[in-house]
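This report covers the pocket of a model and the helix packing around it.

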Amino acid sequence: MDHRNAEEIANEAIARIKERLTDEVFLTIQNDRQLMADFLHEVEACGWKAVNQRIGRTVKTAFPGIENKNRCRTPESVILQSFTEFE
């Protein structure tokens with residue numbers, strides 16, 4: 001059985017993180033009292049969909065070169081209905 005080298009292991013781990021990156025950001029918001037309060041205030045002012053889309057775009061902007069995988073998945077975060085995976 002072949003084993004992966006260190007770079008291959010790291011690349012696989014990074015690929016898995018990229019797939020759930022947006023969900024991780026929303027989980028961080030959800031689990032932080034102040035971020036969640038600010039999120040809810042923004043949702044009240046702008047609407048759920050608009051806020052979630054802006055956060056998603058901001059995540060993508062923060063990681064130059066990251067591309068959509070064109071595959072949606074159900075998130076762990078309860079403040080997000082679905083998200084597109086990155087590759």
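Helix 4 (48-62) gives the largest pocket seven lining residues, the largest share of its lining. Helix 2 (21-30) and strand 2 (83-86) also supply at least two residues each. The model is predicted: local features need pLDDT of at least 70 and side-chain atom pairs count only at pLDDT 80 or more, while totals for chains, interfaces and linings use all residues. Residues are numbered from 1 along each chain as its sequence is written, and side-chain values use heavy atoms, with hydrogens and water left out. Helices (H or I, at least four residues) and strands (E, at least two) are DSSP runs numbered from the N terminus.

The largest pocket holds about 420 Å³ of space. Among its 16 lining residues, Asn52, Gln53, Leu80, Ser82 and Phe83 are the closest to the centre. A pocket here is an open set of points on a 1 Å grid over the protein atoms alone, where a 1.4 Å probe fits, with protein on both sides within 12 Å along at least five of seven lines; lining residues have an atom within 4 Å of a point. The volume is the space filled by probe spheres set on the points, which are joined across faces, edges and corners. By class, five lining residues are nonpolar, eight polar and three charged. Ala, Val, Leu, Ile, Met, Phe, Trp, Tyr, Cys and Pro count as nonpolar, Asp, Glu, Lys and Arg as charged, and the others, Gly among them, as polar.

| Helix pair | Angle | Axis distance |
|---|---|---|
| Helix 2 and helix 3 (33-46) | roughly 100° | within 6 Å |
| Helix 2 and helix 4 | about 120° | 10 Å |
| Helix 3 and helix 4 | about 125° | 7 Å |

Helix 2 is therefore roughly perpendicular to helix 3, a term for angles of 65 to 115 degrees; under 35 is roughly parallel, over 145 roughly antiparallel and the rest oblique. Phe26, Thr28, Ile29 and Gln30 of helix 2 meet Leu35, Met36 and Phe39 of helix 3, contact meaning heavy atoms within 4.5 Å. That contact has five nonpolar, two polar and no charged residues.

Helix 2 is oblique to helix 4. Leu21, Thr22, Val25, Phe26 and Ile29 of helix 2 touch Asn52, Ile55 and Val59 of helix 4, a set of six nonpolar, two polar and no charged residues.

Helix 3 is likewise oblique to helix 4. Here Phe39, Glu42, Val43 and Cys46 of helix 3 contact Trp48, Ala50, Val51, Asn52, Arg54 and Ile55 of helix 4.

Definitions and conventions
Axes fitted to C-alpha atoms, helices over the stretch in contact; angles between N-to-C directions.
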